[in-house]
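Dear colleague,

Here is the structure I promised to pass on. Please look it over first, then read my notes below.

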Amino acid sequence: MLQPSSRWRNWGRSAAAEPVHLARPSSVDDVVAIVRAAAERGLAVKAVGAGHSFTDIAATPGVLIELDGLQGVLGVDAARKRVRVAAGTRLWRLGPALRAHGLALENMGDIDRQSIAGATSTGTHGTGRRFGGLATQITAATLVTGRGEVLRVDDAHRPELLPAVRLGLGALGILVEVELQCVDAFLLRSVDHPAPFDEVLDGWDERTREADHFEFYWWPHTDLAMTQTKTRLPIDTPHRPPGRLALWAERRLLENDALRLQQAVGHSIPALVPPLSRLATNVYGDGERTSVSYEIYASPRLVRFRESEYAIPLDALPQALRDVRGLVERNGWRISFPVEVRAAAPDENWMSTAYQRPSAYIAVHRYFRDDPSAYFRAFDALMRTYDGRPHWGKMHDRTADDLRPAYPRFDDFLAVRRELDPDRRFANRYLDRVLGP
């Protein structure tokens, strides 16, 4: 079960590890055996999905478990629109699988390469003032605890653990199955439109109230923002799906190949970053497309980058983003990647960045060949002044001491951790930093 391993790196090349063993289970029993074998050897265990977290939350010097062998829809409760899904299932596969049953995820993020376990465990979210993150859609979960025992958490079995297990940071066990509350399949109409930076911020409250899903991208060194407004439509609404050639041109040539060239040039000649960014705002103009939800929510991300993201109170967004602009201008940085802004509904998951708070998200990025340290540190410090909560899968400098006040149920989460993983089988350096050793 435990194979020799080699060096592991995440997608953004911001984290790496040298695990002793690699394990590729194909069943729940395999996962149990792996955890118990690791315990006998005194080794830590971590599960990894697509490696799309930018932190080292999945890194371990012990046993690294790849869950790609646990795939697919395991059962459908059509009456309640609930679907049981193997934890290693990638989101890009889940959309079409749910569509075959006339169902869909209520909300998704803009990347679909992750596994369902990895995405929910780190708090992956999309946008939409009335919609929560992926973890809010979990109605039941099965995990293997630190003692190598299988625990089912649902309405009838340990329901008090659900607010912790839904978004468990990989600290409570190895997720092997989740049950998702789905909705009827639907279409999304996405409208892209550039607008002045200040106009978008002044209309932030109205735009997020009126749209089902609203987000925007702002390119530093410019005065324009690219807005994206998505409207939910019945699945049988007449529409013309985007043509394959047009979609390829947009998503491959404009969103990736042109961006890759822009980043490479900006990395080599920083002075060209501002004019290239201004050019980019002119290239990405008005656009509209309608298709099934999962094809609109997510887009391919082929250009590697690193990211830091914070959740702040929803109404603090306009001033906070103006402060981010001020940071860039005062420091004379040349930032070639856009800043992404989204919104989300409050939820009751204890370690959620949107716990009991309507939230706005600001995500800053840097090309993976550029040093993000100064930019991200300053951003981190700024977001703390807004009572910000860092995305668990994005780069940040926070520790348990200063995170505890931000999460009212922080100690309750630690109590669940003590119960489910008393020997800290699933600990690593990241969890030691954000939860305490």
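**What I found**

The protein exposes about 17,500 Å², and carbon and sulfur atoms supply 51% of that area. Bear in mind that this is a predicted model.

Overall build first. The secondary structure comes to 14 helices and 21 strands. The C-alpha trace spans about 60 × 50 × 40 Å along its principal axes. Does the radius of gyration agree or disagree with a compact globule? It agrees: a compact globule of 437 residues would have a radius near 22 Å, and the protein has 21 Å. Of the 437 residues, 59% count as buried. Take contacts between residues at least 6 apart in sequence: 73% of them join residues at least 24 apart.

Charges next. The protein has 57 positive and 56 negative charges. Their mean positions are 4 Å apart.

Now helix H10, residues 317-331. Its 15 residues should span 21 Å at 1.5 Å a residue. The end C-alpha atoms are 21 Å apart, which agrees. Which residues of H10 are buried? They are Leu317, Pro318, Ala320, Leu321, Val324, Arg325, Gly326, Leu327 and Val328. An α-helix has 3.6 residues a turn, so residues three or four places apart point the same way. Just after H10, Gly332 takes a positive phi of about 65°.

Two loop residues are worth a look.

His52 sits in the loop between strand S5 (45-48) and strand S6 (63-66). Is His52 buried or exposed? His52 has a relative accessible area of 12%, so it falls under the 20% cut-off and counts as buried. Setting aside neighbours within four places in sequence, His52 is in contact with Trp11, Ile111, Arg113 and Gln114. Ala119 is 67 residues away from His52 along the chain, yet their C-alpha atoms are separated by 8.7 Å.

Arg158 lies in the loop between strand S11 (150-153) and helix H4 (162-165). Arg158 is partly exposed, with a relative accessible area of 30%. Apart from neighbours within four places in sequence, Arg158 is in contact with Leu151, Val153 and Glu419. Arg158 and Gln181 are 23 residues apart in sequence, and their C-alpha atoms are 18 Å apart in space.

Best wishes

How values were computed. Residues are numbered from 1 along each chain as its sequence is written. This is a predicted model: local features need pLDDT of at least 70, side-chain atom pairs count only at pLDDT 80 or more; totals for chains, interfaces and linings use all residues. Side-chain values use heavy atoms; hydrogens and water are left out. Helices (H or I, at least four residues) and strands (E, at least two) are DSSP runs, numbered from the N terminus. The radius of gyration is taken over C-alpha atoms; the globule rule is 2.2 Å times the number of residues to the power 0.38. Buried means under 20% relative accessible area, exposed over 50%, partly exposed in between (1.4 Å probe, protein chains only). Contact means heavy atoms within 4.5 Å. Accessible areas come from the Shrake-Rupley method with a 1.4 Å probe; for residues, only the protein chains shown count as cover. Lys and Arg count as positive and Asp and Glu as negative; His and the chain ends are not counted. The place of a charge is taken as NZ of Lys, CZ of Arg, CG of Asp or CD of Glu. The expected span of a helix is 1.5 Å times one less than its number of residues.
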